[in-house]
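Morning, everyone. I have one structure to walk you through, so please look at the screen.

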Amino acid sequence: MSESEQSSASPNVEQKHVKPVIPEGMSKSAWKKEQKRLRFAERKSEYQQIRKEKKARARENRRAKIQEYVEKGQEVPDELKQRRKQRMPEDQSDSGLKFVIDCDFDDLMTEKERVSLSAQITRSYSSNRFAKQTAECTVSSFNKLLKKRFEEGLKDANWANWDHFTFQEEEFKPEDKEKCIYLSSDSTEVLETLEPGMTYVIGGIVDKGRYKNLCKDKAEKMGLVTKRLPIDEYIKLSGRRVLTTTHVVELMLKWMEVKDWRLAFNSVLPPRKLIRDREEHELPGWTGDKTQEGNDEDEDEDEN
């Protein structure tokens, strides 16, 4: 055996560790996150199959539990009953409102925040689709990494063909500034009512409160009026009085249906966020301390 062969056969020979080549201009942390994302993308189909099998097992377990109650002659608990699929209202109509989700802040978000925003936009579409009064929605400045997220991560959602939802690469430019209001939690003016024919702009950003006055400053540069939803009167937040894009869309759609902010907040937001009104009357549906937590994915705050 030659010396080289002996060397390769020896178990004590140390293997050289090859350091990964990090692209110029990218931090080590960013590179690791990108590698993690790529690994997930490579095994996405595998993960999907695992989730599919897990759901199938859950359905089988649920049917088995229901059968046990039936055989014992007992009432089936509500948590085991199948939820009815949401349907479009038969009396659905056009509210006359226009919503714009301004996504011109793409560069200010992390990848995780971008994913959260894409989920909020998806849920906003669903809320609008099943609302009694729908609005015409536009996602503007859809031209950077958020677009890539939709093209790669949500390609099966058929988002390009959503009803009452338009995605445009161009920045939003109002045709009539007198009929346009930019919503901002930093505004001093309160949005008391909604009017058909008006356009309401929602800042499409998830930032955890990093950027103060972001939407307000942009609106002022555009010469637009800013207003905030009447949050202080109806809900209790531990931090800044900001809501997700989904919540803002749902609240405005609900207001068009009931014409009452109190009812809208009570219907849309998790009960734990609601407080009594200033006149110490109980909010409709209020039953004291509730523990409903809502959807964790909706807890990402944006600049609305």
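Where does Glu152 lie? Glu152 lies in helix 5. Before we go on, note that this is a predicted model.

Let's stay with that residue. Is Glu152 buried, exposed or in between? Its relative accessibility is 42%, so Glu152 counts as partly exposed. Now look at what Glu152 touches. Leaving out residues up to four places away in sequence, Glu152 is in contact with Arg37 and Lys44. Ala41 is another one to find. Glu152 and Ala41 sit 111 residues apart in sequence. In space, their C-alpha atoms are 9.4 Å apart.

Now the whole chain. The protein has 304 residues, and 36% of them count as buried. It has eight helices and six strands. Follow the elements from the N terminus with me: α-α-α-β-α-β-α-β-β-β-α-β-α-α. What about contacts? Take those with a separation of 6 or more: 75% of them join residues 24 or more positions apart. The accessible surface comes to about 19,700 Å². Carbon and sulfur atoms hold 46% of that surface.

Next, the largest pocket. How much space lies in it? About 1,100 Å³. The lining has 22 residues, and the closest to the centre are Lys33, Glu34, Arg37, Glu111 and Val115.

Which helices supply at least two lining residues each? Helix 2 (28-42), helix 3 (44-72), helix 4 (111-129) and helix 5 (145-153) do. Helix 2 gives the most, with seven residues. Sort the lining by class and you get 13 charged, seven nonpolar and two polar residues.

Why does the pocket lie between domain 1 (28-79) and domain 2 (93-273)? Because both domains give residues to the lining of the largest pocket.

On to helix 6, residues 214-222. Its buried residues are Leu214, Cys215, Lys216, Lys218, Ala219 and Met222. What do the buried residues of helix 6 pack against? Strand 1 (93-102), strand 4 (180-183), strand 5 (199-203) and strand 6 (225-227). A reminder on helices in general: an α-helix has 3.6 residues a turn, so residues three or four places apart point the same way. Just after helix 6 comes Gly223, with a positive phi of about 75°.

That brings us to phi. Most residues other than glycine have a negative phi. Two residues here are worth a look. Asn158 is not a glycine, yet it has a positive phi of about 55°. Find Asn158 in the loop between helix 5 and strand 3 (165-167). At 44% relative accessibility, Asn158 counts as partly exposed.

The other is Lys259. Its phi is positive too, near 55°, and Lys259 is not a glycine. Lys259 sits in the loop between helix 7 (245-258) and helix 8 (261-268). With a relative accessible area of 47%, Lys259 is partly exposed.

One last stop: Ser187. Which loop holds Ser187? The loop between strand 4 and strand 5. Is Ser187 buried or exposed? Ser187 is buried, because its relative accessibility is 3% and the cut-off for buried is under 20%. Now find Asn213. Ser187 and Asn213 are 26 residues apart in sequence. From C-alpha to C-alpha, they are 8.3 Å apart.

That's my tour. Over to you.

Definitions and conventions. Residues numbered from 1 in each chain as written. Predicted model: local features only at pLDDT ≥ 70, side-chain atom pairs only at ≥ 80, totals over all residues. Heavy atoms only, no water. Helix = DSSP H or I, 4+ residues; strand = E, 2+ residues; numbered from the N terminus. Buried < 20%, exposed > 50% of the residue type's maximum accessible area, 1.4 Å probe, protein only. Contact = heavy atoms within 4.5 Å. Areas by Shrake-Rupley, 256 points an atom, 1.4 Å probe, with all protein chains shown as cover. 1 Å grid on protein atoms, 1.4 Å probe; cavity = no way out; pocket = protein on both sides within 12 Å on 5 of 7 lines; lining within 4 Å. Points joined across faces, edges and corners; volume = space filled by probe spheres on them. Nonpolar A, V, L, I, M, F, W, Y, C, P; charged D, E, K, R; others polar. Domains from an automatic or database assignment.
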